[in-house]
Amino acid sequence: MNLTMLNLQEILSILVFGSILFVWVVRYSNIKDEFKSFKLPKWLRDLVGILKLSFAIMLLNDNLEIVRFGALGIAILMVAALVTHLRLKSPGHRMLPSFALLCICSYLAFLCSQLLPTAG
C-alpha cells in the first residue's frame, strides 16, 4: 500500500470532516437561514444534516470501503446542492463550497478505490 496515498486519504478525510462539522454544527444558524431563503422545508434541512454528519463520520473509519461510501455520499449531496444553487440562480461564489467538496470527495472516493486490495 502506498504510504503517501494513504496519508493523502487521511488528510482529505480530516479536512472534509472538519469542514462539514464546522458548517453544520458551529455555523448551523447560517444553514437554517440558507434553507429558509431557498424556501426548502425544515425536514429536508434536518435530513441533509443527518446524512452529511453521518457520511462525514464515516470518513474517519479505518475501513477504506466505509470511507469510500462516506465520500460518495457527500459527493452525491454536493451534486444536489449544486443543482439547487443552479436552479435558484445563486451567484458563483455561493456554489464554490459545494463544488470544492464535490471535487475533494470524488477524488477521495477514487483514492480509496486505489488503496483497497484487489480481489482475485
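A salt bridge is a side-chain nitrogen of Lys or Arg lying within 4 Å of a carboxyl oxygen of Asp or Glu. The structure on display is a predicted model, in which local features need pLDDT of at least 70 and side-chain atom pairs count only at pLDDT 80 or more, while totals for chains, interfaces and linings use all residues. Residues are numbered from 1 along each chain as its sequence is written, and side-chain values use heavy atoms, with hydrogens and water left out.

**First stop: the salt bridges**

Please begin with the charged pairs. Side chains of opposite charge can pair when their charged atoms come close. A search of the whole structure finds three salt bridges.

Select Arg45 and Asp46, which form a salt bridge with their closest N and O atoms 3.2 Å apart. Arg45 counts as buried at 12% relative accessibility, whereas Asp46 counts as partly exposed at 35%.

Select next Glu34 and Arg94, whose side chains meet in a salt bridge (3.4 Å, N to O). Glu34 lies in helix α2 (residues 28-37) and Arg94 in helix α5 (residues 92-115), so this pair ties together parts that are 60 residues apart in sequence. Helices here are DSSP runs (H or I, at least four residues), as are strands (E, at least two), numbered from the N terminus. Glu34 is partly exposed, with 26% relative accessibility, and Arg94 is partly exposed as well, with 36%.

The remaining pair to select is Glu65 and Arg68, a salt bridge in which the closest N and O atoms are 2.7 Å apart. Both residues lie in helix α4 (residues 64-87), three residues apart, about one turn of the helix. Arg68 is partly exposed, with a relative accessible area of 23%, and Glu65 is partly exposed at 42% relative accessibility.

**Second stop: two loop lysines**

Move to Lys39, in the loop between α2 and α3 (42-58). Its phi is near 60°, a positive value in a residue other than glycine. Lys39 is exposed, with a relative accessible area of 73%.

Then select Lys89, in the loop between α4 and α5. The phi of Lys89 is near 55°, again a positive value in a residue other than glycine. At 71% relative accessibility, Lys89 counts as exposed.

Select Ser13 in helix α1 (residues 3-26). Is Ser13 buried or exposed? Ser13 is buried, with a relative accessible area of 2%. Leaving aside neighbours within four places in sequence, Ser13 is in contact (heavy atoms within 4.5 Å) with Leu59, Leu60, Val67 and Leu108.

In soluble globular proteins, nonpolar side chains tend to be buried together. A nonpolar core is a set of buried Ala, Val, Leu, Ile, Met, Phe, Trp, Tyr and Cys residues joined through side-chain atoms within 4.5 Å. The largest such core has 29 residues, of which Val16, Ile20, Leu59 and Ile74 touch the most other members. At least two residues of this core are supplied by each of α1, α2, α3, α4 and α5, and the largest share, nine residues, comes from α5. Select Ile20 to see its surroundings: not counting residues up to four places away in sequence, Ile20 touches Val25, Lys52, Leu53, Ala56, Ile74 and Leu101.

**Last stop: the pockets**

A pocket is, on a 1 Å grid over the protein atoms alone, an open set of points where a 1.4 Å probe fits, with protein on both sides within 12 Å along at least five of seven lines; lining residues have an atom within 4 Å of a point.

To find the largest pocket, select Ile31, Glu34, Lys52, His85 and Ser98, which lie nearest its centre among its 27 lining residues. Elements giving two or more residues to this lining are α1, α2, α3, α4 and α5, and α4 gives the most, with six residues.

For the second largest pocket, select Gln9, Glu10, Leu60, Asn61 and Asp62, which lie nearest its centre among 11 lining residues. Which element gives the most to the lining of the second largest pocket? That element is α1, with five residues.

Note on methods:
Buried means under 20% relative accessible area, exposed over 50%, partly exposed in between (1.4 Å probe, protein chains only).
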